[in-house]
Amino acid sequence: MKEFDDDDLEFDEEDIPDVDLSDLDLTENDSAKSQSKENVKADDSEAPFEKKEIDDMIRTEAMKALDLEEDSKNIAPLVHDDEVIKRPDFLDSDEEDFGLGSKEKSEHFGLTVSKSTDIEGAPEVPEVPEEKEESDGDGNDDPDPVTKKPRKKLKIALLIIFAVLGLLIGCGIFLAFTKAGNRLVIKMASGLIYDKMGTNINRNKDTKEDTNVDHTGDPTDDEVDVPEIDIKEDGEDSGSGEIINPQSAAYVKTYLLFGIEKIGGGANTDAIILMSINTHDDTIKLTSIMRDTYVDIPGAYSNKINSVFAHGMMMEKSEDRAAQEKRGAELLMTVIQNTFNIEISGYAYVDFKDFESVIDVLGGIDLELGSSEASYLNNTNYISKWENRNVHAGMNHLNGNQVLGYCRVRKRATPDGNGGTVSNDHGRTLRHRKVINAVIQQCKDMSYISLLPKLYECLGYVQSNLTKEQIEQLLADVWEHKITKVQELKLPLDGTYWDSALEGKYNGKRNIYYTLVMGSKREENIKQLHDFVFTGDYLGEYSVE
């Protein structure tokens, strides 16, 4: 068939060929044709086809007979009231007759033939142009652009979370289960401890006496003992003040712990304890020194050991309180090294007010009281606050104010843990060791998460001269050796001293009353201390594990 352009559409009437409808290539029989015609002639209210639609159908068949192409979208849709109506059989034809399925387009009569469905017998429905989705630029177009971005962000967030968790778990395993990790933790902890305590060493301390103790309450038979301070003048024999080679061992480090009682204008150290860390038998050794022990003091006259700190403060020419306390602590450390021939690596101390705060930060501690102790504490001013005088015989959970009163009691017996009791200064030193043991137990019962911030807060109340390296070594010894066993000893040993009582001990300037004098028995105490600290072979009457 020849091609023609739009001008060919204009033709005279004689140019239209006569068409015999019998020549139409209808594929159905006469009965089907008749039936289809009857459907077309049906009542308008029931027929799905309008007159224009019938004209379009005839026109389509005519175009087919003339071998012309027509745009399928110009054929009236066979849809009525949203119901798909099957095209009459007499309109069925092959796809080739319409060029369906082909990508070619014809512009005959200004019409375009579009690709139709490949499903046989399915109605032709006008195509709805598809909306192009915007690409996100990654080449992966999501059919649901509304949810694509949130879903992508969620995936990224999950990847980040898993990466962080993996890193934290890896770091935790490294820190907890490797020696290098443990050392790193210890190093960081020692730095924090040093920085915290370092700020306290240089701070100016309040020079007023501790106002947290009620001195106007019920009378007590434990009078405040403020020893005379007898510093030697220039030219007087002040003693050597130093032992050239005090006893030591590579596997033992000993530290001096003490508490200061600021009452009546004094600065007594009534609680004095040597804490030795032994990595050979993995123990902590606590050695209490009774406060009335008679000792030589370099640069001063001999006196009770609880007065040494105050002597040192008086020797300091500076008026700076921190410098005075530093001089007092160093003198006390020197006196103990001289008296018991043992190397001391450093010191740490608290005053009464700070001691209360430390116990309260830890949440209190559990202590056993005897009936005599409990009654005494409830009826005297050792517990300075009235509302706290409510202790009882047996186990008690005590706060800082109650524990401080407990530590100060001397003239009442306390259970020794072996079915007996101990009184006087022996009982007081035992109470001090009981408190330290209770503090250790309280710390052991806490989780690391709860314990670490509490310990860090407690450090704010402690004064110390330990270096960062010493703190790191102390922590490493305890951590790496998993040291939790505690042993105890008291000095002087029973039977190795005499009490001067009211007779007094003359020190070259005055009589010192109620002091414990070892005299020639001092060597027995030195030997016992060395056996206890370095070999574990000792006669500790009050040792516990």
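**Salt bridges, cores and ring pairs in a predicted model**

E316 and R327 form a salt bridge, with 3.8 Å between the closest N and O atoms; the term covers a side-chain nitrogen of Lys or Arg within 4 Å of a carboxyl oxygen of Asp or Glu. E316 sits in the loop between α6 (308–315) and α7 (321–340) and R327 in helix α7, so the pair ties together parts that are eleven residues apart in sequence. Helices (H or I, at least four residues) and strands (E, at least two) are DSSP runs, numbered from the N terminus. The model is predicted: local features need pLDDT of at least 70 and side-chain atom pairs count only at pLDDT 80 or more, while totals for chains, interfaces and linings use all residues. Residues are numbered from 1 along each chain as its sequence is written, and side-chain values use heavy atoms, with hydrogens and water left out.

E316, at 22%, counts as partly exposed, and R327 is partly exposed at 33%. In the whole structure, the search finds 15 salt bridges. Another joins K326 to E330, with closest N and O atoms 2.7 Å apart. These two residues both belong to helix α7 and are four residues apart, about one turn of the helix. An α-helix has 3.6 residues a turn, so residues three or four places apart point the same way. K326 is partly exposed at 41%, as is E330 at 30%. K521 and E524 also form a salt bridge, their closest N and O atoms being 3.5 Å apart. Through shared partners, salt bridges join D270, R291, D292, K304 and R410 into one network.

Attention now turns to helix α8. Seven of the ten residues of α8 (residues 352–361) are buried, so this helix is largely enclosed by the rest of the structure. The buried residues are F352, D354, F355, E356, V358, I359 and V361. Just after α8, G363 adopts a positive phi of about 90°.

The largest core has 37 residues, of which F355, L367, L377, V403 and V435 touch the most other members. Helix α10 (residues 400–408) gives the most to this core, with four residues. Neighbours within four places in sequence aside, F355 is in contact (heavy atoms within 4.5 Å) with V350, V403, L404, C407 and V435. Apart from this core lies another, of 36 residues, including L256, I272, F309 and M315.

Five aromatic pairs are found in the whole structure. Rings of Phe, Tyr and Trp (its six-membered ring) pair if their centres lie within 6.5 Å; planes under 30 degrees apart count as stacked, over 60 as edge-to-face and the rest as tilted. F258 and F309 form a tilted pair, 5.7 Å centre to centre with 55° between the planes. This pair links distant parts of the chain, with F258 in strand β3 (residues 252–261) and F309 in helix α6, 51 residues apart. F258 and F309 are both buried. F258 also stacks with Y349, at 4.8 Å centre to centre and 15° between the planes. Ring pairs link F258, F309, Y347 and Y349 into a cluster.

Conventions. Buried means under 20% relative accessible area, exposed over 50%, partly exposed in between (1.4 Å probe, protein chains only). A nonpolar core is a set of buried Ala, Val, Leu, Ile, Met, Phe, Trp, Tyr and Cys residues joined through side-chain atoms within 4.5 Å.
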